[in-house]
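Visitor: Hi! Could you walk me through some salt bridges in the model I'm about to paste?
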Amino acid sequence: MTSRYRSSESTHSADSPSPRRRSVVKAAAATVVLAGPLAAAVPARAADEAPAFLHGVASGDPLPDGVLLWTRVTPTAQAIPGSGLGPDTPVDWVVAQDRALTNIVAKGTVTATAASDHTVKADVRGLRPATDYWFRFSAGGTDSPVARTRTAPAADAAVPGLRFGVVSCANWEAGYFSAYRHLAARGDLDAWLHLGDYIYEYGTGEYGTRDTVVRQHAPAHEIVTLADYRTRHGRYKTDPDLQALHAAAPVVAIWDDHEFANDAWSGGAENHTAGAEGTWAARQAAAKQAYFEWMPVRPALAGTTYRRLRFGKLADLSLLDLRSFRSQQVAVGNGSVDDPDRTLTGRAQLDWLKAGLKASDTTWRLVGNSVMISPFAIGSLTADLLKPLAELLGLPKEGLALNTDQWDGYTDDRREILAHLRSNAIRNTVFLTGDIHMAWANDVPVDAGTYPLSPSAATEFVVTSVTSDNLDDLAKAPEGTISAVAAPVIRAANRHVHWVDTDRHGYGVLDITAERAQMDYYVLSDRTRASATSAWQRSYRTRSGTQKVERSYSPV
């Protein structure tokens, strides 16, 4: 390949409460207050040190001819995340065909400033499709780690297979991010998908940790301001396992509510108090600004994460933003989940999704979806299981079968998209979902009440949380014991659910060929141990043309 050099400039994008979806556990360590919460976001440095790359490097949103590169430079000891301090700092970047960076194919310079929290992005183009590249940043004589990235296949390429890591819901205080380490170690990912709740907004000890804060985040208080959100993102980016995964493959990310505040909607959030915590508009703007500064995400529209990526003729990936445009969640009995004037997606995004699914000429239509689209009914759970499940899902304690934060709370949008799939004979639509800290493999029926007589319009793979509390954590029961009782009851009440595990933490690996899309589910040995091991748990697949899930008895 002939060497090509391209310089790039930095690019940055710029009320009654609803029911809680998850419990807020007051941990025993909640009384411990971090000293110097901003400083806690980064390791200590001597004042006379050279610029440093303390938050790793990353890439994201791969295209056939390019990829978005990201890093954050700390130019001085005082220029910590959220501080607003530090001089403008030139940052060089190079992209090469080899790990040793001897065959450079692109290079450029961007400027890190306090206005962007000293984060920088380089949107590199002119690369070859379906190709591994290595890249590095440099500033003031200091080099960042070298990282791998990969471009997407050409739009018209006949792609034999794709492999994606799939994760969601990583609560820093609940444990270590071993899931990221195990995904990074694979070395076979085309990219990895983060389906939301990359960070959490709560103050120390205010969110589920089984009563034990494993490691404290920064700042110690609930994040509200731009400085707060920047500091929290900076804290997360110091995690070595997260840095390793970002250095191993490009990420494709969407946000859910905790990048803002619990149960966020277009005009507020359950975990936002207007006045005491400022206006929702200001808080949402701060959260979005910090997100786009700190994440290698290329927004298709300003202030949103909905966009579409294509991976040859094999798959396209529609990525949704289910927080910016949604109507407020209704409380059961105080509003209608079927009201056609209420929306989860917003009209423009729903029309965009429908048009993209209909026009797609790929074998598979993947949808990155932050909350579960499959309908869900509780069934006949005993009181001791119903209460923690209700807390986790935001259900009323009396057991009415409804989760109004998911698509269940916006049934007109769901009906419209599923009818669109059926009426246009759109096949091979697979929803990839996070949010609820449990693993599921579902058919998505047009009418759950008559399933399996009702056709299935799509399938859905839901991955569990990296660390955030699930059902056994809320019930404070040994891992697996709750799922053994709850899963059969849930499946009996939801015949379109092929499998659910309510208790374990982990990640997924999605493998796609022309014949099938398969999700391999992996679980961690112990979220509270930095050295946690990983083991394959189960696999489910959907064969081309079936719109049905079936079990596969070995991982790919």
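Visitor: Is D351 buried or exposed, or something in between?
Guide: D351 counts as partly exposed because its relative accessibility is 36%. Buried means under 20% relative accessible area, exposed over 50%, and partly exposed in between, with a 1.4 Å probe and protein chains only. Bear in mind that this is a predicted model, where local features need pLDDT of at least 70, side-chain atom pairs count only at pLDDT 80 or more, and totals for chains, interfaces and linings use all residues. Residues are numbered from 1 along each chain as its sequence is written, and side-chain values use heavy atoms, leaving out hydrogens and water.

Visitor: Which residue does D351 form a salt bridge with?
Guide: That would be R347, with the closest N and O atoms 2.7 Å apart. A salt bridge here is a side-chain nitrogen of Lys or Arg within 4 Å of a carboxyl oxygen of Asp or Glu.

Visitor: New topic: what does R72 pair with?
Guide: R72 forms a salt bridge with D117, at 3.6 Å between the closest N and O atoms. R72 lies in strand β2 (residues 66–72) and D117 in the loop between β4 (104–112) and β5 (119–124), so the pair ties together parts 45 residues apart in sequence.

Visitor: Are those two buried or exposed?
Guide: Both R72 and D117 are buried.

Visitor: And how many salt bridges are there in the whole structure?
Guide: The search finds 34.

Terms used. Helices (H or I, at least four residues) and strands (E, at least two) are DSSP runs, numbered from the N terminus.
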